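Please work through the following exercises with the structure at hand. Each task is followed by a solution in steps.

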Amino acid sequence: SASFWVDPMEADVSSRLSITLVLLLTISTFRDTVNAIVPRINYATAIDRYFSLSLVLATVTIVQNVTVGSVVLNANLLKHFREVEDDELWFDHDLESLESTVLD
């Protein structure tokens with residue numbers, strides 16, 4: 001999927017997931033188009049296995065995107081807490097400044 005080439009530190013999870021969701025819609029539409037053209041049979045063909053594998057890989061990509069997003073979020077939180085001066089406690093900061101730092 002193209003979302004593997006999106007820089008994880010620059011892009012948020014939504015941009016990565018949008019690429020994968022477009023991929024899922026494309027696979028689904030292509031499967032429906034092919035199923036409308038070929039005659040119905042009672043057993044799985046190579047194209048059925050191809051579509052199944054494609055859906056599994058797209059699902060794995062979604063899991064990967066969410067995992068990368070959470071790792072980047074945790075890295076941003078850790079970076080923010082390391083920037084806090086030594087004499088201040090981390091809970092002295094208000095939530096708004098924390099959210100703006102994490103979401104940037």
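**Exercise 1. Classify the exposure of D32 and identify its salt-bridge partner: which residue is it, and how far apart are the closest N and O atoms?**

Step 1. Residues are classed by relative accessible area: buried means under 20%, exposed over 50%, and partly exposed in between (1.4 Å probe, protein chains only). D32 has a relative accessibility of 43% and therefore counts as partly exposed.

Step 2. A salt bridge requires a side-chain nitrogen of Lys or Arg within 4 Å of a carboxyl oxygen of Asp or Glu. D32 forms one with R31, the closest N and O atoms being 3.5 Å apart.

Step 3. R31, at 28% relative accessibility, is likewise classed as partly exposed. The count by this rule comes to one salt bridge.

The model is predicted: local features need pLDDT of at least 70, side-chain atom pairs count only at pLDDT 80 or more, and totals for chains, interfaces and linings use all residues. Residues are numbered from 1 along each chain as its sequence is written, and side-chain values use heavy atoms, with hydrogens and water left out.

**Exercise 2. Describe helix α1 and list its buried residues.**

Step 1. Helices (H or I, at least four residues) and strands (E, at least two) are DSSP runs numbered from the N terminus. The protein chain has three helices and zero strands.

Step 2. Helix α1 covers residues 13–37, 25 residues in total, and spans 36 Å from first to last C-alpha, close to the expected 36 Å at 1.5 Å a residue. The expected span is 1.5 Å times one less than the number of residues.

Step 3. The buried residues of α1 are R16, T20, I27 and V34. Across the 104 residues of the protein chain, 17% count as buried.

**Exercise 3. Determine how many aromatic pairs the whole structure contains, and characterise the pair of F30 and F51.**

Step 1. Rings of Phe, Tyr and Trp (its six-membered ring) pair if their centres lie within 6.5 Å; planes under 30 degrees apart count as stacked, over 60 as edge-to-face and the rest as tilted. The search finds two aromatic pairs.

Step 2. F30 and F51 lie 5.5 Å apart centre to centre with 80° between the planes, an edge-to-face pair. This pair links distant parts of the chain, 21 residues apart: F30 belongs to helix α1, and F51 to helix α2 (residues 46–83).

Step 3. F30 is partly exposed at 44% relative accessible area, whereas F51 is buried at 3%. Ring pairs join F30, Y50 and F51 into a cluster.
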